[in-house]
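Work through the exercises below with the sequence and the model in view. Try each task before reading its solution.

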Amino acid sequence: MLDNKTIIKVTNRDNGSVGYTIPDLNNLNRNFTSGETKEITMEELRRLSFIPGGESLIRNYLIIDNKEAVAELLHEVEPEYFYTREDVKNLLLNGSLDALKDCIDFAPTGTVDLVKQLAVELKIADIYKRKAILDMTGFDVTKAIEINEETADEKVNTDGLIRRLNAKPEVKEDAPTVRRTAAAASTEKYKIIK
């Protein structure tokens, strides 16, 4: 049995952030960004496993990099529990179709989300793997890649608005370069001098 003070590496396997609060540890609040690894104590992991939803976080969204800690907290886990981002990438690019199907069937939720995310990012060419992901998860990799390609040309400015044209507006050389105010526009005649 591991000592409470043992430091263990824990990684967020999900493509979103994961966080928890442990009341017994003075309301310790811990947040992991996607792919972030933190070193935490075994005591914190034990207490996390006792709070509502804590075991689900450990099982589905966090990877504990210590087999003895995993055995204590989760008992038995499938080999896919330990899959890292690189393992999933290798599975999608070089693994067999059956290995991918086993991963989707037995991997934690965070790993399945990572399979879907990386399949789109890597634009996997294997149509059988794309079809397996669609049939088993309902996520259409082909459609997601198409949407990403269609929106790749659109540029987003700092206001969050999407520019529809990439060309600059044409400016006529004889057009006035001064912007008129309402008071100036109300005068009868005026002459612009260049």
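## Exercise 1: Salt bridges

Task: find how the side chains of E86 and K89 meet, and where the two residues lie.

Solution. Step one: the side chains of E86 and K89 form a salt bridge, at 3.7 Å from N to O. A salt bridge here is a side-chain nitrogen of Lys or Arg within 4 Å of a carboxyl oxygen of Asp or Glu. Step two: both residues belong to helix α4 (residues 85-94), 3 residues apart, about one turn of the helix. Helices (H or I, at least four residues) and strands (E, at least two) are DSSP runs, numbered from the N terminus. Step three: K89 is partly exposed, at a relative accessible area of 25%. The scale calls a residue buried under 20% relative accessible area, exposed over 50% and partly exposed in between (1.4 Å probe, protein chains only).

The model is predicted: local features need pLDDT of at least 70 and side-chain atom pairs count only at pLDDT 80 or more, while totals for chains, interfaces and linings use all residues. Residues are numbered from 1 along each chain as its sequence is written, and side-chain values use heavy atoms, with hydrogens and water left out.

## Exercise 2: Two more pairs

Task: state which parts of the chain the salt bridge of E149 and K123 links.

Solution. Step one: the side chains of E149 and K123 meet at 3.5 Å, N to O. Step two: this pair links distant parts of the chain, since E149 is in helix α8 (residues 141-151) and K123 in the loop between α6 (109-121) and α7 (127-137), 26 residues apart. Step three: E149 is partly exposed at 43%, and K123 is partly exposed at 45%.

Step four: turn to K143, whose salt bridge with E146 has its closest N and O atoms 3.6 Å apart. K143 and E146 both lie in helix α8, 3 residues apart. Salt bridges that share partners also join D24, E43 and R47 into one network. The structure holds 12 salt bridges.

## Exercise 3: Aromatic rings

Task: how many aromatic pairs does the structure hold, and how are the rings arranged?

Solution. Step one: there are 2 aromatic pairs. Rings of Phe, Tyr and Trp (its six-membered ring) pair if their centres lie within 6.5 Å; planes under 30 degrees apart are stacked, over 60 edge-to-face, and the rest tilted. Step two: the ring centres of Y20 and F32 are 6.3 Å apart with planes at 35 degrees, so this pair is tilted. Y20 is in strand β2 (residues 18-22) and F32 in strand β3 (residues 28-32), so the pair ties together parts 12 residues apart in sequence. Both Y20 and F32 are buried.

Step three: Y81 and F82 form an edge-to-face pair, 5.0 Å centre to centre and 85 degrees between the planes. Y81 is buried at 2%, whereas F82 is partly exposed at 28%.

Step four: K38 lies over the face of F32, 5.4 Å from the ring centre, and K67 lies over the face of F82, at 5.5 Å. A charge sits over a ring if NZ of Lys or CZ of Arg is within 6 Å of the ring centre and within 35 degrees of the ring normal.

## Exercise 4: The sheet

Task: give the strand order of the open sheet of 3 strands.

Solution. Step one: the order is β4-β1-β5, with antiparallel pairing. Two strands pair if DSSP finds at least two bridges between them. Step two: β4 (37-41) and β5 (62-64) are the edge strands, each pairing on one side only. Step three: strand β1 (residues 7-12) pairs with β4 over 5 bridges, and V10 has K38 in β4 as its bridge partner.
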